[in-house]
Amino acid sequence: MWNTEFAKKIPVSVSVGGTHVAGITSSYRLFTWGLGSTGQLGVVQLATQSSPAFVKSIVESYTTISSGGSHTVALRADQALIGWGLNTSGQAGVLSWENF
């Protein structure tokens with residue numbers, strides 16, 4: 001069953017990665033779905049998400065999203081750039097080579 005909040009909003013940005021999808025709604029909320037085994041969905045469970053899951057964050061307003069093979073990078077409304085997921089080569093944009 002699709003997340004009703006995502007389904008009722010107008011997607012303003014969608015990014016397709018190698019194993020997942022990320023979308024920003026007209027209310028600037030971020031949703032992700034697909035394979036989540038390396039944390040690329042930005043949600044607590046490292047599992048497949050068959051419908052859009054809301055990405056909870058301290059700041060829940062996003063303007064831009066980009067999905068890579070197994071990672072995601074987003075620009076929040078406060079201009080902070082954040083990344084999560086597979087980070088073996090630093091592709092999630094953090095200094096540690098651990099997955100986030």
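Biologist: In what order do the three strands of the open sheet with E5 run?
Modeller: Strands here are DSSP runs of E with at least two residues, while helices are runs of H or I with at least four, both numbered from the N terminus. Two strands pair if DSSP finds at least two bridges between them. The pairing in this open sheet is antiparallel, and the order is E5-E6-E7.

Biologist: What pLDDT do local features need in this predicted model?
Modeller: Residues are numbered from 1 along each chain as its sequence is written, and side-chain values use heavy atoms, leaving out hydrogens and water. The model is predicted: totals for chains, interfaces and linings use all residues, side-chain atom pairs count only at pLDDT 80 or more, and local features need pLDDT of at least 70.

Biologist: Back to the sheet E5-E6-E7. Which are its edge strands?
Modeller: The order of this sheet is E5-E6-E7. An edge strand here pairs on one side only. That applies to E5 and strand E7 (81-85).

Biologist: What is the average twist from one strand to the next in E5-E6-E7?
Modeller: Axes are lines fitted to C-alpha atoms, for helices over the stretch in contact, and angles run from 0 to 180 degrees between N-to-C directions. On that basis, the twist in this sheet averages 20°.

Biologist: Which residue in E6 is the bridge partner of Ser-66?
Modeller: E5 and E6 run antiparallel and are joined by five bridges. Thr-64 has Leu-75 as its partner in E6. For Ser-66, the partner is Val-73.

Biologist: Which residue in E7 stands opposite Val-73?
Modeller: E6 also runs antiparallel to E7, with five bridges joining them. Val-73, already the partner of Ser-66, faces a glycine in E7. That residue is Gly-83.

Biologist: Where is Ser-70, and is this residue buried or exposed?
Modeller: E5 and E6 form a hairpin with three residues between them. Ser-70 is in the loop between strand E5 (62-67) and strand E6 (71-76). Buried means under 20% relative accessible area, exposed over 50%, and partly exposed in between, with a 1.4 Å probe and protein chains only. Because its relative accessibility is 18%, Ser-70 counts as buried.

Biologist: Which residues does Ser-70 touch, leaving aside those up to four places away in sequence?
Modeller: Contact means heavy atoms within 4.5 Å. By that test, Ser-70 touches Thr-19, His-20, Thr-38, Gln-40, Gly-85 and Leu-86.

Biologist: Which residue in the turn of the E6 and E7 hairpin has a positive phi?
Modeller: Most residues other than glycine have a negative phi. The hairpin of E6 and E7 has four residues between its strands.

Biologist: What separates the closest N and O atoms of Asp-78 and Arg-76?
Modeller: A salt bridge is a side-chain nitrogen of Lys or Arg within 4 Å of a carboxyl oxygen of Asp or Glu, and the structure holds one. Asp-78 is partly exposed at 42% relative accessibility, whereas Arg-76 is buried at 15%. Their closest N and O atoms are apart by 2.9 Å.

Biologist: Turn to the open sheet of four strands. Which are its edge strands?
Modeller: Its order is E1-E2-E3-E4, with antiparallel pairing. Neighbouring strands are turned by 15° against each other on average, direction ignored. Pairing on one side only are strand E1 (11-16) and strand E4 (49-54).

Biologist: Which residue in E3 is the bridge partner of Gly-23?
Modeller: Strand E2 (residues 20-25) and strand E3 (residues 30-34) are antiparallel over five bridges. The loop between E2 and E3 holds Tyr-28, whose phi is near 65°. For Gly-23, the partner is Phe-31.

Biologist: How are the rings of Phe-31 and Phe-54 arranged: stacked, edge-to-face or tilted?
Modeller: Rings of Phe, Tyr and Trp (its six-membered ring) pair if their centres lie within 6.5 Å; planes under 30 degrees apart count as stacked, over 60 as edge-to-face and the rest as tilted. The count comes to one aromatic pair. Phe-31 in strand E3 and Phe-54 in strand E4 are 23 residues apart, and both are buried. Their centres are 5.7 Å apart and their planes at 55°, so the pair is tilted.

Biologist: Which residue lies over the face of Phe-54?
Modeller: A charge sits over a ring if NZ of Lys or CZ of Arg is within 6 Å of the ring centre and within 35 degrees of the ring normal. Here the distance from the ring centre is 3.9 Å, and the residue is Arg-29.
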